[in-house]
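Hi,

Here is the structure I said I'd pass on.

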Amino acid sequence: MSRSQKSGARIFALVGVLSLSACLKSTEPQPSLLQLNGSWNYTGVQTVPVQETLTGTLIISRESGTSFQGQLNLVGVNSQTQQQRILSGSVSGSESGTDVIDFDANLAAETTPRRHVGQIVADTITGTWVSSADGAMASGTFRVEREPK
Amino acid sequence: MRTGPESNEELRVTHAPGGSDAFARATNEILANVSERLSSRANVSASAWRTTDATSVFSGLQSNGFSLRPQYAIRSGTTIAIEARSYTFDATSRATASNSGGGFGSRDDQLGISFSTYLRQYYFNSSAFLGNTTRSVSLGTSSTVTDRSPRNYWTTNAGWSGVGGIIEVQARIDQTRDRGGFVNQQNMFGIRAEQLVLPGLGGIRGEGDLQRVSSFGGENATIMRAGIAIPLMSGFAFKIDAERNSIFRSVSGRVPWILGARFEHALTVPMLRTPGTSGYVYEDLNGNQRRDPNEPGMPGAIVRRGGETAVADASGKYRVGGDAKQPISIDEASLPDGWSASGAGRGDLSVSLSTAAEVELVVAPRSGISPIQVDLSKAHVVARDSVGAEWAAIMTGPTTATFQALPVGSYKLEFDLSELSEPLVPRGPIPLLIVTGKDSKSITITLDPRPIRMWNGSPGRSGAQKNDSLPVKKTPVTTPKKNDSPSGDETPVATPNQNHS
């Protein structure tokens with residue numbers, strides 16, 4: 001291998017390592033602008049395709065800038081059959097604008113995330129959610145209130 | 001929809017006024033799927049769709065998408081594919097007492113590569129996709145905010161699948177960078193078993209999942225699920241499941257085991273269909289008028305019963321309505337050249353390839369005497385098939401009797417020579433006329449003159465020729481209907497000299 005080839009290989013390796021580390025390593029968390037950390041009571045309704053009431057807990061465990069992550073644990077009750085099911089999974093979202101909260105709930109029982117978009121007023125977020133897989137949709141409304149300390 | 005061995009095309013347009021509130025997929029939906037085989041190793045599939053909907057929560061829900069996937073078979077059982085896909089979604093929510101309504105949307109664009117292979121009962125699939133997600137939100141007093149971030153993932157599964165169950169190893173890395181600078185990377189590694197026969201436990205099957213999800217919100221999660229299915233009498237099974245998901249916590253903060261038990265019984269529910277008769281239109285290769293295992297269907301054949309019409313599918317299967325008491329006939333115009341229907345029926349209907357056949361008649365010279373001249377134009381030659389039906393030939397030459405269209409099969413030849421000027425006898429044994437395909441068949445039959453017996457002076461004896469020693473069977477040739485069509489009309493006979501009794 002010639003000298004120029006060696007230096008080219010080194011540059012290529014360096015760029016590769018930097019690129020890989022940029023991809024894999026998270027940027028250091030920034031100060032949170034939201035102060036959403038903590039537990040929130042989640043209540044909601046699925047209106048489509050079947051009516052279902054949703055109750056549970058939203059836990060925000062990590063914040064950085066306008067972004068946050070956490071988990072959502074729900075119990076869904078079919079309004080007609082009263083059959084219950086457990087929905088749990090991770091949550092990842094951000095604040096858009098001044099008062100809009102936008103997050104995805106990746107629930108274990110579902111193939112596509114439920115996108116929640118709502119407005120935050122004091123310690124209450126109200127809004128709508130929707131998920132869509134190949135054109136088949138599920139949607140509803142939600143309300144989350146911070147648990148009293 | 002158009003389905004063929006090399007291509008499939010489907011276009012579906014649906015309008016359901018109630019939309020998803022009335023349990024439809026959407027109010028309006030248009031979907032197109034295309035799959036084309038480009039060569040023995042390459043094919044391409046594409047799809048595109050658009051839906052619009054409205055619900056009590058959303059005044060507008062729209063989604064559009066497409067995917068394009070060329071695929072190449074490296075060798076048998078091993079394929080590699082490239083896939084491009086794009087998906088757009090927009091929602092407009094209605095205003096409520098606590099929410100002023102607004103809209104949000106998203107767009108996903110991805111390009112990926114997939115590899116898939118199997119060897120006997122082992123399989124391996126892997127795919128990697130690079131792309132980005134664009135999101136927009138416009139709620140309340142906020143102006144529209146748009147955010148674009150990369151989204152990449154790699155997923156792999158490998159396993160064994162057989163009558164003893166399925167064992168599979170799974171891995172997935174999902175990576176998204178959000179506006180705050182996080183790289184939301186979720187790694188999942190898992191192993192699962194399904195319908196796994198547990199040795200020495202009398203047919204009890206086990207199943208389970210073990211998944212480890214890491215780098216999610218700075219926390220790790222382990223999901224465990226295990227269960228067994230115990231077969232009982234009459235197809236019933238008793239199932240016990242236990243699941244523990246470290247994401248799901250009880251009020252006390254504990255991660256509980258969730259137990260479940262249930263009885264299950266699988267039922268096969270017949271499809272509700274309109275009254276009708278189904279069967280196959282098949283190629284009767286051996287002429288026995290029964291569908292044998294090696295006899296293929298005749299796709300595209302049109303069958304009729306009364307005013308009802310149906311077309312046989314790619315396997316030759318048809319289903320036709322109408323009065324079940326009436327027979328079903330095949331429209332011979334729908335058959336390829338040379339093929340004809342064997343008759344009307346109610347289940348499987350046979351078609352067979354018709355072939356011209358000739359019987360050459362040769363008059364043997366009388367031994368020791370000069371050759372004889374006989375006009376054979378009044379000879380009648382009949383072929384009798386395996387079920388006893390008669391097929392008549394016409395004299396197309398001085399010594400040639402021709403069957404213009406005989407279905408495939410074996411025929412016993414019979415001769416009526418009673419109208420000839422000279423008494424002749426077919427020389428035995430008379431060979432079978434075997435019709436096997438499109439090529440014309442020819443067979444030669446020697447006709448022997450009756451020996452002349454000379455008068456020897458004995459009283460009571462005549463010196464003239466006698467016919468009483470001729471074993472010729474006279475077969476009446478009629479022209480009945482070939483098919484017993486339901487309308488009572490006579491189905492056209494392919495050749496006017498065919499008789500099918």
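**The sheet in chain B**

R305(B) has E308(B) as its bridge partner in β18(B). This is a predicted model, in which local features need pLDDT of at least 70, side-chain atom pairs count only at pLDDT 80 or more, and totals for chains, interfaces and linings use all residues. Residues are numbered from 1 along each chain as its sequence is written, while chains are lettered from A and ligands numbered from 1 in the order in which they are written.

Strand β17 (residues 302-305) of chain B runs antiparallel to β18(B), with 4 bridges joining them. (Strands, E, of at least two residues and helices, H or I, of at least four are DSSP runs numbered from the N terminus; strands pair if DSSP finds at least two bridges between them.) The pair belongs to an open, antiparallel sheet of 3 strands, ordered β18-β17-β20 (chain B). Its edge strands, each pairing on one side only, are β18 (308-311) and β20 (329-331) of chain B.

**Chain A**

Within chain A, confidence is highest in strand β1 (residues 38-48), at a mean of 92, and lowest in helix α1 (residues 3-24), at 58. Over residues 20-27 of chain A, pLDDT stays under 50. Where pLDDT is low, the predicted coordinates should not be read in detail.

Cheers

Technical notes. pLDDT is the predictor's confidence in each residue, from 0 to 100. Two residues are in contact if their C-beta atoms, placed from the backbone, lie within 7 Å.
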